Amino acid sequence: MSEYSHNGRRRVVVTGLGCVTPLGNDVESTWAGLIGGRSGAAPIKQWDASKYPVTFACELKDFDPKNWIDHKQARRMDRFAQMIVAAARQAEADSGFQVEPEAERVGASIATGIGGLQAFQDCDDVLLARGPDRVNPFSIPQIIPNMGAAWVSMELGTRGPLSSQCTACAASNMAIGEAADMIRLGRADVVFAGGTEAGITPVGIAGFSAMRALSRWNDEPERASRPFDAERSGFVMGEAGGAIVLEDLEHARARGAKIYAELLGYGLSSDAAHVTEPDPTGANPARAMKMALGDAGISPEEVDYINEHGTSTPLGDASETKVIKLALGEELAAKTPVSSTKGATGHCLGAAGAVEAIFTILAVNRNTLPPTINYEHSDPLCDLDYIPNEPRQAEVKVGVSNSFGFGGHNACIVLRELVE
């Protein structure tokens, strides 16, 4: 087997997975919840949301950062950093890779859409109530978005390339794609890649509510996130941390690592159109998909599954249906299974792509297509095969994962079973 891809670059494989999500605090419990059709939505418990327009979200359940992080260190982190360190620790253990002997050849590429939103709010509350002299000296290091990546590097001891993407809801896919490029270009042999978001705060819920972006199905939170369904009314806020270990194939084989899949392609584009609304034609996001397929050396006919961004918003889901048709062609699009796993996890913003990359990897690895839950009413604007409500067994050699963010950020990754 060649150690180089079709275009002469080093091949990049996935050797470790880790996550904390609204469905579980590890990969297996999360996957079981997803395949079981469970929703992670429920009334908000982290704070009293009873007087807010939206009173529910997809929160983590029973998350205790001290299971992965020293108590003193955990107190210095915002929740978004705690979550990605937990996910990265899991991925490290799953990969069986020891960082320290090769630390200078090990990188981290960790995304977030917002960063330390709770820390920012806490700092402002103290400033207004007690004055500038009482502000926590750790406030700024807790707030700034790069600290998810920084804490992963410090906790795991990586000393290679370190980057942090902050491109809204496309951020994790960009972190993963850029991590693959670090390995392809020879800048690292192993990279921890992924993303994290902890936006279920008063300002987060109030801000997205004011935009009319969130579903207001307060009486039925578990049914509120319903991608591609005709009654979709907005997304459900989620929080998560997801990390994967990407590794040069030759390096992984030399140490006898288990390999989940190969990361073959990465594509990105911009809409240059609107602050929040998607490209209504689908043309610009479709360019990211086409670029990723071209980078992978994969034809549209070879795509077996698409994990679509699918946030459960009226405009977004309709636009993304057009994206797939433009990228694959109408006839192939109609035959290609598509799901949005946000029906189960909610929209985890900057962490969405990381969690959904894990789902796509497992779909390829286990030949199981995760469902789009809460799909009850067809919409003529959304007329593809969305794997409604029940998982499906199918041969999955190639999976695609799409992520699109506010401001017109579009990113796509292509994963394939390892070909011997």
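**Close-up 1. A network of salt bridges links Glu 220, Arg 223, Arg 226, Asp 229 and Glu 376.** A salt bridge here is a side-chain nitrogen of Lys or Arg within 4 Å of a carboxyl oxygen of Asp or Glu. The model is predicted: local features need pLDDT of at least 70 and side-chain atom pairs count only at pLDDT 80 or more, while totals for chains, interfaces and linings use all residues. Residues are numbered from 1 along each chain as its sequence is written, and side-chain values use heavy atoms, with hydrogens and water left out. Arg 223 lies in the loop between helix H8 (202-210) and strand E7 (240-248), and Glu 376 in the loop between strand E11 (368-369) and strand E12 (392-393), so the pair ties together parts 153 residues apart in sequence. Helices (H or I, at least four residues) and strands (E, at least two) are DSSP runs, numbered from the N terminus. Arg 223 is partly exposed, with a relative accessible area of 23%; Glu 376 is also partly exposed, at 41%. Buried means under 20% relative accessible area, exposed over 50%, and partly exposed in between (1.4 Å probe, protein chains only).

**Close-up 2. Arg 11 forms a salt bridge with Glu 262.** The closest N and O atoms of the pair are 2.8 Å apart. Arg 11 sits in the segment before strand E1 (12-20) and Glu 262 in strand E8 (residues 261-270), 251 residues apart. Both Arg 11 and Glu 262 are buried. A search of the whole structure finds 26 salt bridges.

**Close-up 3. Glu 356 of helix H14 pairs with Lys 342 of helix H13.** Their side chains meet in a salt bridge of 2.8 Å, N to O. H13 covers residues 342-345, and the two partners are 14 residues apart in sequence. Glu 356 is buried, with a relative accessible area of 2%, and Lys 342 is buried at 0%. Leaving out residues up to four places away in sequence, Glu 356 touches Asn 307, Thr 341, Lys 342, Ser 401, Asn 402 and Ser 403; contact means heavy atoms within 4.5 Å.

**Close-up 4. Helix H14 spans residues 352-366.** At 1.5 Å a residue, its 15 residues should span 21 Å, and its end C-alpha atoms are 21 Å apart, which agrees. The expected span is 1.5 Å times one less than the number of residues. Because 13 of the 15 residues are buried, H14 is largely enclosed by the rest of the structure. Just after H14, Asn 367 takes a positive phi of about 50°.

**Close-up 5. The largest nonpolar core holds 44 residues.** A nonpolar core is a set of buried Ala, Val, Leu, Ile, Met, Phe, Trp, Tyr and Cys residues joined through side-chain atoms within 4.5 Å. Val 14, Leu 17, Ile 176, Ile 244, Leu 246 and Ile 361 touch the most other members. Elements giving two or more residues include E1, helix H1 (27-35), helix H7 (171-184) and strand E6 (190-197). H14 gives the most, with 8 residues. Among the residues that Leu 246 touches, not counting those up to four places away in sequence, are Val 12, Val 14, Ile 176, Ala 180, Val 191 and Leu 263. A second, separate core of 32 residues includes Ile 69, Phe 80, Ala 81 and Val 152.
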